[in-house]
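Have a look at this one when you get a minute. I jotted down some notes on the contacts.

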2 protein chains.
Amino acid sequence: MRDSRRRPTIADVAKAAGVSKTTVSRFLSHQTEYIAEETYRKIEQAIQGLHYEPSQMARGLKAKRSRLIGIIVADIANPFTTAILRGAEDVCHKHNYSLLVCNSDNDPAKEQNYIRTLRSHQIDGLIMHTTGYNQSMLLALQKEKTQVVLLDRDVSGMHVDLVGMDNTQATYDALNYLVRQGYRSIAYVTAPTADISTRIERVQAFRSFVAEHGIEEHSPVFQVEGDQSLIECMTAFMNKKPVMAKAVFTGNAVILLKAALVMQNLGYRIPYDVGFISFDDPDWADIVGITTVSQSAYEMGVKAADRLVARLGGDTSDAKRFHVAAMLKERGSTPQVAIGQSLNRRRPS
Amino acid sequence: MRDSRRRPTIADVAKAAGVSKTTVSRFLSHQTEYIAEETYRKIEQAIQGLHYEPSQMARGLKAKRSRLIGIIVADIANPFTTAILRGAEDVCHKHNYSLLVCNSDNDPAKEQNYIRTLRSHQIDGLIMHTTGYNQSMLLALQKEKTQVVLLDRDVSGMHVDLVGMDNTQATYDALNYLVRQGYRSIAYVTAPTADISTRIERVQAFRSFVAEHGIEEHSPVFQVEGDQSLIECMTAFMNKKPVMAKAVFTGNAVILLKAALVMQNLGYRIPYDVGFISFDDPDWADIVGITTVSQSAYEMGVKAADRLVARLGGDTSDAKRFHVAAMLKERGSTPQVAIGQSLNRRRPS
DNA sequence: CACCTGTATGAAATCGGTTTCATACCACCA
DNA sequence: TGGTGGTATGAAACCGATTTCATACAGGTG
């Protein structure tokens, strides 16, 4: 007599169906070629009757597959991350994988910790939105046949698929647009670049662009950490002479929000006193009217998970870089201004 | 000779340290009472040298604990959900649990599917932001000693901890505030209530309140599904005579955003033509200036995970309901208006 | 009839840990 | 000297699946 407080095992099913564990196992893994119809039905009934569900743990132990995919994201509060999660989750679910979600908070130590945990759970694959610091652990993971796909950010020395975007191109596109709109003093505001490839590439692109266009003197890069430094940077930027059409270009939606709030608190109005553009495209950009460089994060999550599932399915083609398209979404925060037009240019009466 | 492409096992460690698997296992589970200092050191070194990490799969198989906690959320794109995830993740990480995140999309069938999957992964506990329909499966899970904590939404007949808020009270607080501000025609806009307890409670509270205050005639409840029906509802509400101070009360941040956009597209301005208030408190409410009923979702996530961890730690006290405080955050979208004041009351020149 | 082949099934080993039970050693005591 | 008890360790069973290998039976062939 089985009691219902214990999960049924394959042995219970075997007994109920009057066959051996082996046969049940064959049924479970769809090796039905040599199973008699009669037997098949009996097993089917036993499983239904017992509400049997095979244990992934036991399964994975022998088969060395857990059907778990780990994903380490840098900041779970960021809408960019959320969209990625949704994309990855959709794909994983479709292929019967489950997602172990970890939030590194952009902290390399926490990230390392999570890599260990995920390894202990025998994840089949890992989607990595990395801080960029844990190269050696990732290489070791890879050597143990755990598939890795990098998302958005690169890790030097890793020869794996990467799904991201062309940051240099996107930065140039945004800046070209701003210049066309008449802005000649642009501040790029980002979290500290640290070892994060995306941020580094964007800052480099920004610096090249403003140098090429001769506006580097009025176009600073601010690496801000914490609210106080943001306030100081914004204040300094807005006070800098000579007054001319200024715009703030933020590196992601979290900073965008903070920067916009700071501006508001300092008494500046968007776009009357300062233009705004940002990487990422949070859903609220629509209602506030912020021009953005949208990188379909959902698509990135989908693509990364797709690549991982393909690798797990035996795809051994060369590691590749996949770029999702960046799209400039023009909204009210970057109106056309006369070149060199000064601050307070169109504040409504 | 072990090759580095195979993960080291406890047997490898035992061999390297010159002891038995048993002793290593004791070391791993901190039963160090009877381990000689010399032995302890040798094991420690072997583990370090091999980069050994015990397999949770193998561990869990015998010990019947996976150190996995499942969480099924209704909508991963909702900032409310994100905040919950962050809270739950923080707690789980602290207690060395990992989070299996599933997104039901408010679809009972998908939810059921996920419950099965999580069961197959032998989760130790489940945090459930439920569609409300899968009571029997949850009861079965519970019978198998999987701890369940409900989040935000109730499931009838389940005797487990629930972390949520006092929806009736919060609804009354918000409506009392609106009435004090002078609004007499309030539309409550929600996704279809279906079997979701939170939504049902709020709608009931809304109906009671408007009846008690004699404003039910001008205060409809809209259960909207899809953008088209939202447009129709908003149009009807704004056109309804007699014109008087109107406000829209949305059931969550996702609908808030949609409704606000619809209003904007219809040419109405917030708050000049219509007041806005909403449940949830997305980060962008600050910059747009939307008054909200904030229910610290992060705290809810933390509390739910805390309860679950406590239960897993052996807490067998009676199932309880935990209410996080709701807080009215007054912002620009609900200015004081003269009672009965009509539409377009303060549109700026 | 002996032999082979294809079909259908089961016994037992295995995965990497934990747990139970046994035991060897030493010190101490009567 | 023999018994007792605490310390330190290991052999083997076990968890619930998969996988390898063996085998029983039916029907066809020379």
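My notes follow as numbered points.

1. Housekeeping: this is a predicted model, where local features need pLDDT of at least 70, side-chain atom pairs count only at pLDDT 80 or more, and totals for chains, interfaces and linings use all residues. Residues are numbered from 1 along each chain as its sequence is written, with chains lettered from A and ligands numbered from 1 in the order in which they are written.

2. UniProt (an unreviewed entry) lists "domain: HTH lacI-type" at residues 8-63 of chain A; annotations like this may be inferred rather than shown by experiment, and positions are in the numbering used here, with feature names shortened. That span is 68% helix and 0% strand, with its end C-alpha atoms 20 Å apart. Helices (H or I, at least four residues) and strands (E, at least two) are DSSP runs, numbered from the N terminus.

3. DNA strand C has 25 residues around it, the closest being A:Ser20, A:Lys62, B:Ile10, B:Ser25 and B:Ala58 (near means a C-beta atom, placed from the backbone, within 6 Å). α2 (21-28) and α4 (56-63) of both chain A and chain B give two or more residues each, and α4(B) has the largest share, five residues.

4. For DNA strand D, 25 residues surround it, and the closest are A:Ile10, A:Ser25, A:Ala58, B:Ser20 and B:Lys62. Here the largest share, five residues, comes from α4(A).

5. Between the chains, 43 residues of chain A are in contact with 43 residues of chain B (C-beta atoms, placed from the backbone, within 7 Å). Elements of chain A supplying at least two residues include α4, α5 (79-94) and β2 (98-103).

Definitions and conventions: Contact = placed C-beta atoms within 7 Å.
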